[in-house]
Amino acid sequence: MAPKYDMKARDKRGRDYAEHLDKLLDIRGKRILEIGPHLGDLSIVLARDYDCEIVGIDPLEHPNWGEVMAQYPSIRFIHGDMADPPADLEDNSFDLIISFVVWEHVRHPWSALSQCQRLLKPTGKKFMRANLYRSAIASHLYTKTKEPWPHLTYSPNEIKKKLKLPFLGWAFWVNKLTYQQYLFYFRQLGFYINHQVFWKVHFDAAYYDKYEQRLGLYPKWDLETDFFEVVLDFDPDAPKMPVADPVYARMPQPEHEPQIELQPEPQPAPDAEKT
Ligand SMILES: C[S@@+](CC[C@H](N)C(=O)[O-])C[C@H]1O[C@@H](n2cnc3c(N)ncnc32)[C@H](O)[C@@H]1O
């Protein structure tokens with residue numbers, strides 16, 4: 001079901017999110033960076049009910065931000081991209097970095113995660129809940145199409161025609177990271193997972209069986225998994241150092257990453273195209 005945006009529903013969502021965070025992270029009085037605050041519903045609850053100092057960053061600036069910042073001086077909204085935040089956000093300056101259903105929309109997720117690593121205190125924690133690209137609902141068209149995974153089974157033009165839409169909307173174009181790629185990024189940036197939950201709600205087995213020819217090309221776990229939620233932190237003794245991967249432990253460690261010398265692609269003979 002699509003989320004509601006009346007004031008009551010927005011305040012309730014903000015309070016529910018805050019309560020969830022407080023159970024996991026003990027948020028009272030903390031300095032928090034919220035990525036993708038949208039209308040600021042969660043930021044408001046965190047400032048108003050939990051005495052937090054909030055910085056929110058979002059490339060979509062909302063008309064209500066000015067009013068919210070005037071009412072709650074401990075909130076600062078920044079019109080910007082988490083992959084390239086303003087220079088006045090200092091290293092090691094946040095206790096917590098949080099985001100609800102934002103990462104699937106982030107362009108350049110590696111850069112954005114690197115910025116999170118830079119901005120978090122060594123004792124800080126990062127909370128993220130995100131939709132995964134191969135989930136049945138990742139196209140964000142699930143209220144319009146009755147079919148799961150339209151983005152994996154049809155081209156964007158076919159979907160537009162099917163739904164008689166002039167364009168698919170920004171939410172359609174989610175990034176294509178798999179959970180395994182997130183895990184690789186976490187390791188590289190020294191993030192350890194200390195809480196992990198998966199939502200598997202929208203898998204349609206009958207539809208999967210019918211279209212197994214196309215859907216069977218993806219790992220089934222990916223097709224089953226709609227959302228993940230994690231809390232990340234750093235090793236207290238070696239914060240922000242990459243997490244060694246035991247898979248590589250027995251491989252002799254070269255001084256530099258080995259490079260494979262690529263041979264140039266063979267080119268067709270100049271007159272080959274004419275035949
Ligand atoms: C689906 S909305 C979620 C809003 C809010 N967190 C919530 O739970 O209702 C995703 C938000 O992420 C923002 N967003 C997308 N890319 C971003 C980026 N690179 N940096 C920060 N925010 C981003 C979008 O502009 C949008 O406001």
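A residue is buried here if 20 or more other C-beta atoms lie within 10 Å of its own, exposed if 12 or fewer, and partly exposed in between, with C-beta atoms placed from the backbone. By that count, 28% of the protein's 275 residues are buried. The model is predicted: local features need pLDDT of at least 70, side-chain atom pairs count only at pLDDT 80 or more, and totals for chains, interfaces and linings use all residues. Numbering starts from 1 along each chain as its sequence is written.

**Whole protein.** Show the cartoon. It holds 10 helices and 7 strands. These are DSSP runs numbered from the N terminus: helices are H or I with at least four residues, strands are E with at least two. Along the principal axes, the C-alpha atoms fill a box of roughly 75 × 55 × 40 Å.

**The sheet.** Select the strands. The 7 strands form an open, mixed sheet in the order β3-β2-β1-β4-β5-β7-β6. Two strands pair if DSSP finds at least two bridges between them. Now pick β3 (75-79) and β6 (192-199): they stand at the edges with a single partner strand each, so one side of each has no neighbour in the sheet. Neighbouring strands are turned by 15 degrees against each other on average, direction ignored. Axes are lines fitted to C-alpha atoms, for helices over the stretch in contact; angles run from 0 to 180 degrees between N-to-C directions.

**β5 and β7.** Select 120-131 and 227-233. These strands, β5 and β7, run antiparallel and are joined by 7 bridges. Zoom to methionine 128: valine 230 in β7 stands opposite.

Contact means C-beta atoms, placed from the backbone, within 7 Å.

**Arginine 76.** Go to strand β3, where arginine 76 is found. Is arginine 76 buried or partly exposed? Arginine 76 is partly exposed, because 14 other C-beta atoms lie within 10 Å. Leaving aside residues up to four places away in sequence, arginine 76 touches Val55 and Met69. Glycine 56 is 20 residues away along the chain, with a C-alpha separation of 6.2 Å from arginine 76.

**The ligand.** Finish here. The ligand is surrounded by 16 residues, the closest being Gly36, His38, Leu60, Met82 and Phe100. A residue counts as near if its C-beta atom, placed from the backbone, lies within 6 Å.

Definitions and conventions
Two residues are in contact if their C-beta atoms, placed from the backbone, lie within 7 Å.
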